[in-house]
Amino acid sequence: MLALTAASGLLLTACSGGAGTNEDSKAADRDGYSSGLTAPTHGDEPSEREDDRRETPRHLSTFALDVDTASYDYARRALADGRFPDPSTVRPEEFVNSFRQDYERPDGDGFSVTVDGARTDDEDWSLVRVGLATRSAERTGERPPAALTFVIDVSGSMAEPGRLDLAQESLAVMTDRLRDDDSVALVAFSDEAETVLPMTRLDGNRDEIHDAIAELEIRNSTNLGAGVETGYEQAVDGLREGATNRVVLVSDALANTGDTDADAILERISGERREHGITLFGVGVGSDYGDALMENLADKGDGHTVYVSDAGEARKVFCEQLPRHIDLTARDAKAQVAFDPETVEEFRLIGYDNRRVADEDFRDDRVDGGEVGPGHTVTALYAVRTEPGAEGHLATATVRWLDPDTRDPHEESGDMETDALHDSPRAAPSRFQVTAVAAYFADALRSGDDRIPGAPAGFGELADRARTLADSTEDGAVDELAEAIEQAARRRD
């Protein structure tokens, strides 16, 4: 369950104002750029040649990168418990981004951009995958030291097995695996918040940290806002020059005291976030889980969120995934996909509903994007309807990000032609097929009226596809996907 690599209600809405027709899209994108051109570099005016070629509009889709995976893992937990997840908690991009991809990695910092696709059985409809990848995580041995402030929910609801006990066990293992030059602080909250352990170096102090973790105990109600505010105060007090600072929130997010709104909570720590660049990493636990609050906190807190339901998943998050998130490759990363109006009649971004960015804000670096670390991939899947018999350029995908240290902007792009579309999803590479199956699964769980083109008739057929992929890839994560779809099929088909 690596958080590799980027919503609610799998209604497939058109980008650029939500219209789904060609004419509406062209009207919304009348200030777009002609096929084969990218927007002018930030701060530059378009040349006369570029301005002349604006007459042919360009269909644009812009979104902030997202590497959250909580929605998929929470859905698996719900199905394992014998129930379907609430459709409002199903975010397709988090399903898609829960699986390993085969994108080429860049040699240095930044991103590589891959665009591929496959035609479906629905006339003129294709699935187009935009893949963004950062450098390999194996190069993180030289990462800066980490200053991690853990904000632990000790409210009454955390007494359920698999909540506080799971967090304590995982934190204890992680304490033994962090480097000597790393530091941790510990804040506990119920109806109030208190600092259990100020920022403390690991070197020579592991026993003290273990004792602080073991002494956490269940108390009263859930004042999550107080916990986050105190956590950020401790993170600021423990700031270390040259270190990477993170606040890690571990909670079932069932806030019932104090501020219970993500915007209100984040406003209380806005100064710390902006001045010091401290990001929030949310770890959700519990069968009853405040998904919306945790996701909003992570997205708006310049971070991301995961969900864990057992010891194995928790150890992966705290001992494998979290260390990789310590180092950042990109801040405020955004992607913009330009579909060629000469070949594309209609397009729909699958998911990313609350990560959409206005097209004109793509190069406005004041507009929030996503934070991405090394070893990540981010996948966006589009349903694309091509003009009948169309040939030629299909799309150009561009990712823009800021250097984490200098805040200098950088961009990378990739293109795709119509003749590169595979004849069907099953004729595409196995990782593309996994992406499609994951999206179809989210689609089926949402039960929306506007289905993804080429979607199987029911969970049973989709389960067969997933099982075949699990056998051919020999990938444990794909096997878990197949098992989850089979559980859904047994309950509904």
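Visitor: How are α3 and α14 oriented to each other?
Guide: This is a predicted model, where local features need pLDDT of at least 70, side-chain atom pairs count only at pLDDT 80 or more, and totals for chains, interfaces and linings use all residues. Residues are numbered from 1 along each chain as its sequence is written, and side-chain values use heavy atoms, with hydrogens and water left out. The axes of helix α3 (residues 70-80) and helix α14 (residues 476-492) come within 9 Å and cross at roughly 50°; axes are lines fitted to C-alpha atoms, for helices over the stretch in contact, and angles run from 0 to 180 degrees between N-to-C directions. Angles under 35 degrees count as roughly parallel, over 145 as roughly antiparallel, 65 to 115 as roughly perpendicular and the rest as oblique, so α3 and α14 are oblique.

Visitor: Which residues of α3 meet α14?
Guide: Contact here means heavy atoms within 4.5 Å. On the α14 side you'll find A477, E480, L481, A484, Q487 and A488. Their partners in α3 are Y72, R76, L79 and A80.

Visitor: And what about α13 and α14, how do they lie to each other?
Guide: Helix α13 (residues 459-473) packs with α14 at an angle of about 160°, and their axes are 8 Å apart. Residues in the contact include F459 and L462 of α13, along with V478 and R492 of α14. Going by the angle, α13 and α14 are therefore roughly antiparallel.

Visitor: R492 lies over the face of which residue?
Guide: A charge sits over a ring if NZ of Lys or CZ of Arg is within 6 Å of the ring centre and within 35 degrees of the ring normal. R492 is 4.1 Å from the ring centre in question. That ring belongs to F84.

Visitor: What kind of aromatic pair do F95 and F441 form?
Guide: Rings of Phe, Tyr and Trp (its six-membered ring) pair if their centres lie within 6.5 Å, with planes under 30 degrees apart called stacked, over 60 edge-to-face and the rest tilted. The search of the whole structure finds 13 aromatic pairs. For F95 and F441 the values are 5.7 Å centre to centre and 70° between the planes, making the pair edge-to-face.

Visitor: Is F441 buried or exposed?
Guide: Buried means under 20% relative accessible area, exposed over 50%, and partly exposed in between (1.4 Å probe, protein chains only). F441 has a relative accessible area of 0%, so F441 is buried.

Key:
Helices (H or I, at least four residues) and strands (E, at least two) are DSSP runs, numbered from the N terminus.
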